[in-house]
Amino acid sequence: MEQSDATAVAQVRAGNPDAFRVLVERHSRHVFRLTFRMTGNEHDAEDMVQETFLRAYRQLHRFDGRASFGTWVYRIATNCSLDLIRARKRREVQQPQVADEEGKEMAAAAVANDPTPERLAYSGELQELLRAALEQLSPMERTAFVLRHYEGMCIEDISRALGVHAGAAKHSVFRAVQKLRRALEPVMGPAK
Amino acid sequence: MKHLSEDDLVLYYYGERVPGVSAEEHLGSCAACRTSLESLRQTLDAMNSLAVPEPVENYETRVWQRVYPAIEAVEIRRRRWFDWMFGQRKWVLAGAMALIVMGAFMAGRISQKSQLKVAALSGQVRERILMVAVGEHLERSQMILIELANNETKGLVDISEQQVLAEDLVNENRLYRQVALKSGDKSVSNLLDELERVLLDIAHSPSKLDSAEFDDIRRRIEAEGILFKIRVVGSNLKARERGRVRQGQSKSL
Ligand SMILES: [Zn+2]
């Protein structure tokens, strides 16, 4: 029979670190998807997966079982990634990256030349454009958007996960959508 | 007729409650808002095609293989700490401490037999046990504070391990502070009072700190002058302890 998350947590707490393996193996793919969307690249996403599980292990004594282990660990993954992209933004302010801007413009231009949906669907240009659009969001906007759009979390839960007021979480989602629409205008046309 | 705002449409798209209006009803009767919603939907649906790389086969196992060594390291550190905290000597001390605490707080509420045991500990022995236990407690606290004060990590600082230890120390600290108060040892109880605040600060701060937040913690440790005070009180305790040992030796001669 498959061991439940709660059982595994209890075993780790009882002094069996190996029981943590079940939890890592069960949740790592989902955590990767989340950290990839948050960080926008595989290398950082991988780092955040490891960081998330290590942090979860260290803080397991704080896990109170009110939410499921999955919910708790995704919350840790979100906050790890948020920390990382905040630090990344600060570094960018210190040394702005011109290459990023250029790449974005080139992608937009390529897409604008022949924006048929078929050609676009899985093209490298579209991927580049979507990634660039997400890069324009502030760390908080990106986090709120990823949680709302990809994780299907409601505003209320997002505010709890990030420790902000519901109004602030909602506002971040709105700002994110506005910025994404502006960034995707070359393909989607202006907002009506 | 007031149209739905873009924000209203975003809420509607995600199935959140749109405050103040019945969005469903309005959309049913307003072509302009339906067009706006459609345009929003196209953009947001496009975001769904953001590709996430499919992790390699055996991905889960590989994550575990990478996480495991770090977990082992945490365990080794914890065990070392635990051995130190609860080494044999500590158990003897803890037992004696429990008796003293019971004597101090529960006199009258415990059996006569236990009261006799407590009474059997002379005032000197009691003080000595307290001194040794508090001395060790201060040393452990000092270790964490020094570790934090000397951390040179650039960027994010992870203090989650020190936080786990600080939480343990807070509980211990409370006990010793109460005993020190009862036995009228003002310098010790004042120090423990300050130490408790610093330990609580550490235990309750976020576990990943950026350099500004970390500097803040470090400043708080420094502002209290707590490390200096620990050294002073710690060496006073040691001197008192040495004095006793010498007394004992000369008596036995
Ligand atoms: Zn309308």
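Modeller: The questions below take the metal site and then the aromatic pairs. This is a predicted model, in which local features need pLDDT of at least 70, side-chain atom pairs count only at pLDDT 80 or more, and totals for chains, interfaces and linings use all residues. Residues are numbered from 1 along each chain as its sequence is written, chains are lettered from A and ligands numbered from 1 in the order in which they are written, and side-chain values use heavy atoms, without hydrogens and water.

Biologist: What makes the arrangement around the zinc ion tetrahedral?

Modeller: B:His3 (ND1), B:His26 (NE2), B:Cys30 (SG) and B:Cys33 (SG) coordinate the zinc ion at 2.0 to 2.3 Å; donors are N, O and S atoms within 2.8 Å of the metal (3.2 Å for Na, K and Ca). Four donors count as tetrahedral if all angles lie between 85 and 135 degrees. Here the angles are 96 to 129°, so the arrangement is tetrahedral.

Biologist: Why is B:Cys30 called buried?

Modeller: Buried means under 20% relative accessible area, exposed over 50%, and partly exposed in between (1.4 Å probe, protein chains only). B:Cys30 has 4% relative accessibility and therefore counts as buried.

Biologist: Why is the aromatic pair of B:Trp64 and B:Tyr68 called tilted?

Modeller: Rings of Phe, Tyr and Trp (its six-membered ring) pair if their centres lie within 6.5 Å; planes under 30 degrees apart count as stacked, over 60 as edge-to-face and the rest as tilted. For B:Trp64 and B:Tyr68, the centres are 5.1 Å apart with 50° between the planes, giving a tilted pair.

Biologist: Which of these two is buried and which partly exposed?

Modeller: B:Trp64 is buried because its relative accessible area is 6%, whereas B:Tyr68, at 24%, is partly exposed.

Key: Tetrahedral: all angles 85-135°; square planar, octahedral: opposite > 155°, others 65-115°.
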